[in-house]
Amino acid sequence: MMDPPTNSLVGPLLTDLYQITMAYAYWRTGQHSKRAHFELFFRKNPFGGSYTIFAGLDEVLKFLSGFKFTAEDIEYLRKTPQLGHCEPAFFDDYLANLDCSDVVVSAMKEGSMAFPRVPLLTVTAPLGIGNLIETTLLTLVNYPSLVATNASRMVVAARGQFWEESSGSSAPVSDKRNLPSGDGTAGSKQMPRKSMQVAEGGQADLARRKPKCVEFGLRRAQGPDGGFSASKYSHIGGFHATSNVLAGKLLGIPIAGTHAHSFVQSYTSLELVKGSKLKNAKGDEMVELLPLVLAYRDEMGWNDTNDGELAAFVGYATAFPGSFLCLVDTYDTLRSGLRNFVCVSLALDDLGYVPRGIRLDSGDLSFLSLECECVFHKMADQHDRPFFYDLDIVASNDINEGILNSLNKQGHAITMFGIGTNLV
């Protein structure tokens, strides 16, 4: 027995009234059992594109498998003004005993690339039931295919045309750039980098990981079902993970997320994290993190970073030392957030933990990502900490396909995009 549809609203009444009025007319004239062939297709690709990703088949099959009018459904239809005159046998003999046992469905494989006027699925069924399921099949396919297609286009744009697959990021390519030194001054130095091409058509760094896309759309979606559907079908379109915890539970999709600006703003001084300890992964003792972090801040000469932000990072690090990824743009990305992250990361590394990276949610994402990456590589060389070469740089903030293409033209060092508003 197949599972019921994910959304409990999906059932025989999730249809247009005219499907039921036509079914009654077919029944009354004896045409309801005549077999017919239905094709579900579209006329134009969405977003002005050249393809569509077919999605929603799983929910179609669940719907058809469990199709059955309940007694409450039939009683409601009987009392509607539009159907109140219909013969009782239509409700009691026809609708009450109707199912999809005579329905035959042929379909493309879910996730396949589809094109205009080529059927996504075909249905061979008696005229009556064929009409009654038409609207539901359309709504179960249209939005999922739209989301999957949008997601696929963004994944393609995020990766750019010059990316090549590789595992990790081995020896980075050197690049001579003006970089901020530890004391905040600039100097021309030979620094490693692993970013993609500096401009469209430029030379790609083949050691660079392909950027991944994570779905952040729940808070922007068209209600709970829209949010859940976006999480599900963006995954079919190529997104790596979702922020939607329920989708992770029900669908087995990887979940992702760290903290918000409000978390950083809620910490106002270092006093709030004094005494916060975590276990030394290289031993058994509990270690207070803040003194180690402040020692690195003194060593770097970065004592003018925001104390509240640093406290937030220390607090987050003690809670999640093995997955430390921070939002660094609450106050000043390069002169505070990035530097605070570096100090906490060095301390975590001393204790046997590997930091994950940073998130940028504002500003010039191309410039900021490249500057952050250069600082990471500088730290890797100066402190012999190779983990800095493999940190993720996550970018969010109203990302869309046009922005992704623009970033590819400018050059960037982003390894992951969090996309919500323009996806759902």
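Take the contacts in this protein between residues at least 6 apart in sequence: 75% of them join residues at least 24 apart. Contact here means heavy atoms within 4.5 Å. The model is predicted, so local features need pLDDT of at least 70, side-chain atom pairs count only at pLDDT 80 or more, and totals for chains, interfaces and linings use all residues. Residues are numbered from 1 along each chain as its sequence is written, and side-chain values use heavy atoms, with hydrogens and water left out.

Start with the overall build. The protein has 13 helices and 15 strands. These are DSSP runs, numbered from the N terminus: helices are H or I with at least four residues, strands are E with at least two. Of the 424 residues, 50% count as buried. Buried means under 20% relative accessible area, exposed over 50%, and partly exposed in between, with a 1.4 Å probe and protein chains only. The exposed surface comes to about 19300 Å², and carbon and sulfur atoms supply 52% of it. Such areas come from the Shrake-Rupley method with a 1.4 Å probe.

Now look inside. A nonpolar core is a set of buried Ala, Val, Leu, Ile, Met, Phe, Trp, Tyr and Cys residues joined through side-chain atoms within 4.5 Å. The largest one has 71 residues. Leu289, Val344 and Phe376 have the most contacts inside it. What does leucine 289 contact, leaving aside its neighbours within four places in sequence? The partners are Ser276, Leu278, Val314, Ala317, Thr318, Val344, Ala347, Leu348 and Leu351. Another core lies apart from the largest one, with 36 residues, among them Ala23, Phe69, Phe90 and Phe91.

Turn to the open spaces. A pocket is found on a 1 Å grid over the protein atoms alone: it is an open set of points where a 1.4 Å probe fits, with protein on both sides within 12 Å along at least five of seven lines, and lining residues have an atom within 4 Å of a point. The largest pocket has a volume of about 1100 Å³, the space filled by probe spheres set on the points, which are joined across faces, edges and corners. Of its 47 lining residues, the closest to the centre are Val214, Phe216, Gly257, Arg359 and Gly418. Two or more lining residues come from each of α5 (127-159), β8 (212-215), β14 (392-395) and β15 (416-419).

The second largest pocket has a volume of about 320 Å³. Among its 17 lining residues, Asn7, Thr139, Leu140, Asp225 and Ser229 are the closest to its centre. Here α5 and α6 (223-236) each give two or more residues. Helix α6 gives the most, with six.
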